Amino acid sequence: MEWSACLDEYEKLVIRMTTPRVVIDNAVCPTATVVKVDSARKHGILLEAVQVLTDLNLSIKKAYISSDGKWFMDVFHVTDLNGNKLTDESVINYIEQSLGAIHYNTTSSCVTGLTALELTGTDRVGLLSEVFAVLADLQCSVVDAKVWTHNGRIASLIYVKDCNSGSSIEDSQKIDRIEARLRNVLKGDNDIRSAKTSVSMAVTHTERRLHQMMFADRDYERKPVFRLGSGAPAVTVQNWAERGYSVVNVQCKDRTKLLFDVVCTLTDMEYIVFHATIKTTGEKAYLEFYIRHTDGTPISSEAERQRVIQCLQASVERRASEGVRLELCATDRQGLLADVTRTFRENGLNVTRAEISTTREDTAVNVFYVTDALGDPADPKLIESVRQKIGLGNLKVKELPPLIYHQESQGEDQTVGVAGTVLLSLGSIVRRNLYNLGLIRSYS
């Protein structure tokens, strides 16, 4: 009995040591809620923590990540989308419970009980309209979907159910028909080799999967087809030979889920973030990461360095779509998406990004970002004409949040070089943390 009791106490100790400790503090910072997570280090755990916060649409204003041996300490300064501290106890409790469970991989946010369609191919005006028309014809009801476009490529993860049974599609013959029809649509006249479709019952985090799909499609190597309204994010990579780290700096416009997108890409490229500092100032975001490969080595070649730069630029750009934000709220029905996107196509509007969802009350709540056929801002008169055809009460024009859609600010002259001031200022913070941990002799 004594030996059994000792084992029980040992198991409790192991659980306490491996379970992340979460502290949420509203008093220490006057402008944000501070979320602290102490956890055992493992590959991907930082991404899981960031994923919990961004799935709640929280804005991460500052963050400090530091590793001491096999232990991580993450500190996030977060607000809601209105810039306010978190006061809802149910939200705070959810964050505590979810972050406390990240060591056990139980925080994945995804859509279950449906059939997932994964599509990649060459983007073109009206492509989404053709995809939704095929699904409507095949009696597939779209419950949830996200569509990203970047550098002339499109990636989409669409969750559907059978219109008749209301459940996931398991008939192998119907699955084959869906794949074949959608592949023909994606191929068009000039994408015979790179168009891909797949049907899956797998459980996955939708936005991380979209990053993986576009990364596998090598969108980062391609040239933009449509005009971009702003320059590419400034990304620099250099090695800190003394400590065996590669130092990555990213400067770009701030927006929601920015940290998730960057950390997601680093994680899927098999890099571990050992230390990081994230800072936002006005509309600008400055991110600095000290990384190594999962085997403990820094970036080892110029080709690899350039690939990291390209991939991180792509990770930022994929979600920062240009265009007017249109919100559709209407009673869901079979063929609704096909009809709406066909109207876009017939009026020369190109969908650059889309988020589609259906509530339990069968209400379609959809967001579309649209430009003209060349990627330029759409004519307001044309937008108004489209609204009249779809229904003024159903389709509304929403101004994009200032963090996403704003003209170049006066801070554009702060672009960072390899040895720029941002690297020095943020680097000093990280080096101070390393010094406090006893990992370096001086941070001066």
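**Helix packing and sheet order in a predicted model**

Student: In this predicted model, how do the axes of helix α9 and helix α10 cross, and how is α9 oriented relative to α10?

Tutor: The axes of helix α9 (residues 336-346) and helix α10 (residues 380-390) come within 10 Å and cross at roughly 150°. Angles over 145 degrees count as roughly antiparallel. Therefore α9 is, relative to α10, roughly antiparallel.

Student: Which residues make the contact of α9 with α10, and how do they divide by type?

Tutor: From α9 come Val 340, Thr 343 and Phe 344. From α10 come Val 386, Lys 389 and Ile 390. By type, the residues of this contact are four nonpolar, one polar and one charged.

Student: Is the crossing of α9 and α10 left-handed or right-handed?

Tutor: The handedness describes how α9 passes α10. Here the crossing is right-handed.

Student: In what order do the eight strands form the open sheet, and which are the edge strands?

Tutor: The pairing is antiparallel, and the order is β8-β5-β7-β6-β14-β15-β13-β16. An edge strand pairs on one side only. The edge strands are β8 (196-200) and β16 (395-398).

Student: What is the bridge partner of Asp 144 in β7?

Tutor: Strand β6 spans residues 140-150 and strand β7 spans residues 153-162. The two pair in the antiparallel sense over ten bridges. The partner of Asp 144 is Tyr 159.

Student: Which strands does helix α5 lie across, and at what angle does α5 run to β8?

Tutor: Helix α5 covers residues 172-187. The strands under α5 are β5 (115-122), β6, β7 and β8. To β8, α5 runs at about 155°.

Notes. Residues are numbered from 1 along each chain as its sequence is written. This is a predicted model: local features need pLDDT of at least 70, side-chain atom pairs count only at pLDDT 80 or more; totals for chains, interfaces and linings use all residues. Side-chain values use heavy atoms; hydrogens and water are left out. Two strands pair if DSSP finds at least two bridges between them. Helices (H or I, at least four residues) and strands (E, at least two) are DSSP runs, numbered from the N terminus. Contact means heavy atoms within 4.5 Å. Axes are lines fitted to C-alpha atoms, for helices over the stretch in contact, and angles run from 0 to 180 degrees between N-to-C directions. Angles under 35 degrees count as roughly parallel, over 145 as roughly antiparallel, 65 to 115 as roughly perpendicular and the rest as oblique. A crossing is left-handed if the near helix is turned anticlockwise from the far one by less than a right angle, and right-handed if clockwise. Ala, Val, Leu, Ile, Met, Phe, Trp, Tyr, Cys and Pro count as nonpolar, Asp, Glu, Lys and Arg as charged, and the others, Gly among them, as polar.
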